[in-house]
Amino acid sequence: MTPNSTKETKSVIHPDVDVVVVGSGAAGLCAALTANQAGAERILVAEAEDVVGGSSRLSGGLIMGAGTRYQAALGIEDSGAALFHDYLAVNRWNVDTGIVRELCEHSGRVVDWLGDLGVDFHDELVKASDERTARVHVPKGAGQAIVDALHRRCRECGVDIALGQRIDRLIADETGAVVGVAVGEDEITAGAVVIATGGFGNAPDKLAEHYPSAAAAEWTWYIGADGARGDAIDLGAQVDAQLTGHDSGLRLLDSGFDRDYEAFLPGWLVLVDAAGHRLAVVAVLGDAAPQKDHLFPLAVGQGAQLG
């Protein structure tokens, strides 16, 4: 990364901490623990809001993993390669295969690791879509339970978490390497900086710029933490970081007349568009749902009418 020409640089010989992590969601807390396991001793997590967890604490916490001990206990044989195949098929191969392969190969070990940290998963596994086997692990207590387990382990490892500290500036040295962060005039230097600030769903301007297909929909609303304002985009721009993933993200189906949603649609629904034409088989939707403004659910066998 190369700093902007107007960016002030700084040489750092003895950093204040070993690692600074920006964001305290599941990604940020995992990054802090990984740094600790790698030998870092002075680790600081900076969180913009006044509570740990970001949008992770508000999520359902469902994790797809292959080859876990929970699957083995149920007699389910699975592998990262099988998950990779199913993931690509459900998403119509319209994904970055390199990233997906890494996710599929390592997700099973992550699920088991979370179990070791104290996350209690339900005995029953579920399917996220038209998969060949059940591999979605459901934590008791949803996303908050995962955040609690990660936060507890961070405290045990001596990781410091600073709440209410919204990082607004990266500090770079004369070579362009990021060597710290700042909140206003307060600066802290670090041997490494990890940006894990989550999404930008709560920033309409960034949504329109970086996810225009979602912003252009007639009837949408955001589900997540207030702090998802795209800080990573702003921080990355300060050091000319590459930004990828334009116009891609997670969109949930809605009826167009009610703000209730169901992430896992029951098989007895038929989805039709505003003209009453059936669009897809519910069992194979996932992220491959047709890109329409609204999909209307009709209960099979009921004389439902579109308004």
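These are legends for a set of close-up views of a predicted model.

Local features are described only where pLDDT is at least 70, and side-chain atom pairs count only at pLDDT 80 or more, while totals for chains, interfaces and linings use all residues. Residues are numbered from 1 along each chain as its sequence is written, and side-chain values use heavy atoms, with hydrogens and water left out.

View 1. Glu47 sits in the loop between strand S2 (43–46) and strand S3 (63–64); helices (H or I, at least four residues) and strands (E, at least two) are DSSP runs, numbered from the N terminus.

**View 2. The largest nonpolar core.** This core has 26 residues, and Val21, Ala32, Ile43, Leu114, Leu150 and Val159 have the most contacts inside it. (A nonpolar core is a set of buried Ala, Val, Leu, Ile, Met, Phe, Trp, Tyr and Cys residues joined through side-chain atoms within 4.5 Å.) Two or more residues each come from strand S1 (17–22), helix H1 (26–37), S2, helix H4 (97–116) and helix H5 (142–156). A second, separate core of 13 residues includes Leu170, Val181, Leu235 and Val239.

**View 3. Arg135 paired with Asp78.** The closest N and O atoms of this salt bridge are 2.8 Å apart. Arg135 lies in the loop between H4 and strand S4 (136–137) and Asp78 in the loop between helix H2 (69–73) and helix H3 (80–90), so the pair ties together parts 57 residues apart in sequence. Both Arg135 and Asp78 are buried.

**View 4. Asp86 meets Arg132.** Here the closest N and O atoms are 3.1 Å apart. Asp86 belongs to helix H3 and Arg132 to the loop between H4 and S4, 46 residues apart. Asp86 is buried at 6% relative accessible area, whereas Arg132 is exposed at 55%.

**View 5. Asp120 and Lys140 in a salt bridge.** Their N-to-O distance is 3.5 Å. Asp120 is partly exposed at 43%, and Lys140 is partly exposed at 39%.

How values were computed
Buried means under 20% relative accessible area, exposed over 50%, partly exposed in between (1.4 Å probe, protein chains only). A salt bridge is a side-chain nitrogen of Lys or Arg within 4 Å of a carboxyl oxygen of Asp or Glu.
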